[in-house]
Amino acid sequence: MPKEQLRYDRMVETALRGVVRDALTEVAERGLPGNHHFYLTFRTGFPGVEIPEYLASQYPNEMTIVLQFQYYGLDVADDHFEVTLSFNNVHERLVVPFAAITTFADPSVNFALQFQPLAAAESAEVSSMPPRAAAERAEEKTEEAAPAEEPKRGEVVALDAFRKK
């Protein structure tokens, strides 16, 4: 049996981060429709995150931002987004790589996604590579660290938590 296996978990995670990127891109182009608003939680120490020093010391691990009424200059790239928010009436520019996001939620439609971020050492190594090479290297690291076990035959993922009732 071949050692390499398809990593569906990583494929799904990548696709779901694409949902966040697409949602932010649409909002950057057209604004927030209706009652939509986003809660984004991200790791503040993740490589590529740029936030003011006082916010980094106030939120040394994770920070949640809200995009609803007062956000400015939302720009979305392939691997990160940038936005200006007001903290104590001072506008600050934030840069957040999509890989740093741990939670994305739009409470107006009862939608939320939770992500497993890369470890700091992996993310520093991966952030300097092209996207495809980075994904492949992250996969290799996971395979190296994972103990040998019998492959799973299949896994059912319930989506009931995301359905509107």
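Me: In β6, which residue is the bridge partner of tyrosine 39?
Reply: The model is predicted. Strand β1 covers residues 38-43, and β1 pairs with strand β6, residues 101-106, in the antiparallel sense over four bridges. Within β6, the bridge partner of tyrosine 39 is alanine 105.

Me: And which residue in β6 is the bridge partner of threonine 41?
Reply: The pairing of β1 and β6 is antiparallel. Tyrosine 39 has alanine 105 as its partner. For threonine 41, the bridge partner in β6 is threonine 103.

Me: In what order do the four strands of the open sheet stand?
Reply: β1 pairs with β2 over six bridges and with β6 over four bridges. Four bridges also join β6 to β7. The pairing is antiparallel, and the order of the open sheet is β2-β1-β6-β7.

Me: Which strands stand at the edges of the sheet, and why is one side of each left without a neighbour?
Reply: The open sheet has the order β2-β1-β6-β7. Each edge strand has a single partner strand, so one side of it is left without a neighbour in the sheet. The strands at the edges are β2 (62-67) and β7 (111-114).

Me: What is the average twist from one strand to the next?
Reply: The sheet is open and made of four strands with antiparallel pairing. From one strand to the next, the twist averages 10°.

Me: Which residue in β2 stands opposite arginine 43?
Reply: β1 and β2 are joined in the antiparallel sense by six bridges. Phenylalanine 42 has methionine 63 as its bridge partner in β2. Opposite arginine 43 stands glutamate 62.

Me: Why is β6 largely enclosed by the rest of the structure, and how many of its six residues are buried?
Reply: Strand β6 covers residues 101-106. A residue counts as buried under 20% relative accessible area. β6 is largely enclosed because the number of its six residues that are buried is five.

Me: With which residue does arginine 7 form a salt bridge?
Reply: Side chains of opposite charge can pair when their charged atoms come close. Arginine 7 lies in the segment before α1 (8-30), and the closest N and O atoms of its salt bridge are 2.6 Å apart. The partner is aspartate 9.

Me: About how many helical turns separate glutamate 13 and arginine 17?
Reply: The two residues form a salt bridge, with the closest N and O atoms 3.3 Å apart. Glutamate 13 is partly exposed at 21% relative accessibility, whereas arginine 17 is buried at 12%. They are four residues apart in helix α1, so their separation is about one helical turn.

Me: What is the N to O distance in the salt bridge of arginine 30 and glutamate 29?
Reply: Both arginine 30 and glutamate 29 are exposed. A salt bridge requires the nitrogen to be within 4 Å of the carboxyl oxygen. The distance in this salt bridge is 3.8 Å.

Me: Which residues are linked in a network of salt bridges?
Reply: The whole structure holds five salt bridges. Those in the network link Asp75, Glu82 and Arg93.

Me: What is the area of the nonpolar surface patch made by Leu6, Tyr8 and Met11?
Reply: Methionine 11 is placed in helix α1. At 42% relative accessibility, methionine 11 counts as partly exposed. Together with Leu6 and Tyr8, Met11 makes a nonpolar surface patch of about 350 Å².

Technical notes:
Residues are numbered from 1 along each chain as its sequence is written. This is a predicted model: local features need pLDDT of at least 70, side-chain atom pairs count only at pLDDT 80 or more; totals for chains, interfaces and linings use all residues. Side-chain values use heavy atoms; hydrogens and water are left out. Helices (H or I, at least four residues) and strands (E, at least two) are DSSP runs, numbered from the N terminus. Patches are made of residues with over 30% relative accessible area and no salt bridge: like charges are joined within 9 Å, nonpolar side chains (Val, Leu, Ile, Met, Phe, Trp, Tyr) within 5 Å. Accessible areas come from the Shrake-Rupley method with a 1.4 Å probe; for residues, only the protein chains shown count as cover. A salt bridge is a side-chain nitrogen of Lys or Arg within 4 Å of a carboxyl oxygen of Asp or Glu. Buried means under 20% relative accessible area, exposed over 50%, partly exposed in between (1.4 Å probe, protein chains only). Two strands pair if DSSP finds at least two bridges between them. Axes are lines fitted to C-alpha atoms, for helices over the stretch in contact, and angles run from 0 to 180 degrees between N-to-C directions.
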